[in-house]
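Try each one before reading its solution.

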Amino acid sequence: MIVCTNCRHANIAGAVFCSECGAPLTPTTSATHDIGPIPEPEAPAPVRTPVEVPDEAPPVPSQGLADNWLTLHLLDTGQMLPLAERNEFTLGRISEGQPIMPDIDLSPYQAYANGVSRLHAVIKRGMDSIVLMDLGSANGTFLNGKRLNPNVEKDLANGDVVALGRLKIQILLKQA
């Protein structure tokens, strides 16, 4: 017998979903896996020269250029993801059966293999600053080589390097 954690209904052995409420009875196979210890750097990570963000960067589908305030530069692939229209973006990866989706799905960029959680971090634009916050991810969020405490906002600057697990992203802010 398998007891549903959602409604406490007793289900037959081997059931995948609860026959009473439909909730999954077994954990999904795409849970975030531990990528092993990520060593803390003894010296600050070298600051990379920021890549110039062109004023006419190609838009992400359904996003215009008028308010393109942030571009994510994926350092492993060189891919550029310009972001606009909103003041807050959650970063993570999509997996089957996931009830809450991240705004920016990093799955196509080897997010799972690099230890990115389904809801890993958030970037917010305020009146005077742009901040990054780890959302309690399994493998951590790093800002310029320094691990962030979960649920604590840290200011971002143009050229900063953010690591979600081992996936490294350079932050490119449009200059006003």
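**Exercise 1.** Decide whether W69 and F89 are buried or exposed, then classify their ring pair.

Solution. Start with accessibility: W69 and F89 are both buried (under 20% relative accessible area; exposed is over 50%, partly exposed in between, with a 1.4 Å probe and protein chains only). This is a predicted model, in which local features need pLDDT of at least 70 and side-chain atom pairs pLDDT 80 or more, while totals for chains, interfaces and linings use all residues. Residues are numbered from 1 along each chain as its sequence is written, and side-chain values use heavy atoms, leaving out hydrogens and water.

Next, the rings of Phe, Tyr and Trp (its six-membered ring) pair if their centres lie within 6.5 Å; planes under 30 degrees apart are stacked, over 60 edge-to-face, the rest tilted. A search of the whole structure gives one aromatic pair. The centres of the W69 and F89 rings are 6.1 Å apart and the planes stand at 35°, so this pair is tilted.

**Exercise 2.** Find what ties R86 to D103.

Solution. Look for a salt bridge (a side-chain nitrogen of Lys or Arg within 4 Å of a carboxyl oxygen of Asp or Glu). R86 and D103 form one, with their closest N and O atoms 3.1 Å apart.

**Exercise 3.** Name the salt-bridge partner of K124.

Solution. The partner is E153, the closest N and O atoms being 3.1 Å apart. K124 is partly exposed, at 23%, and E153 is partly exposed as well, at 41%.
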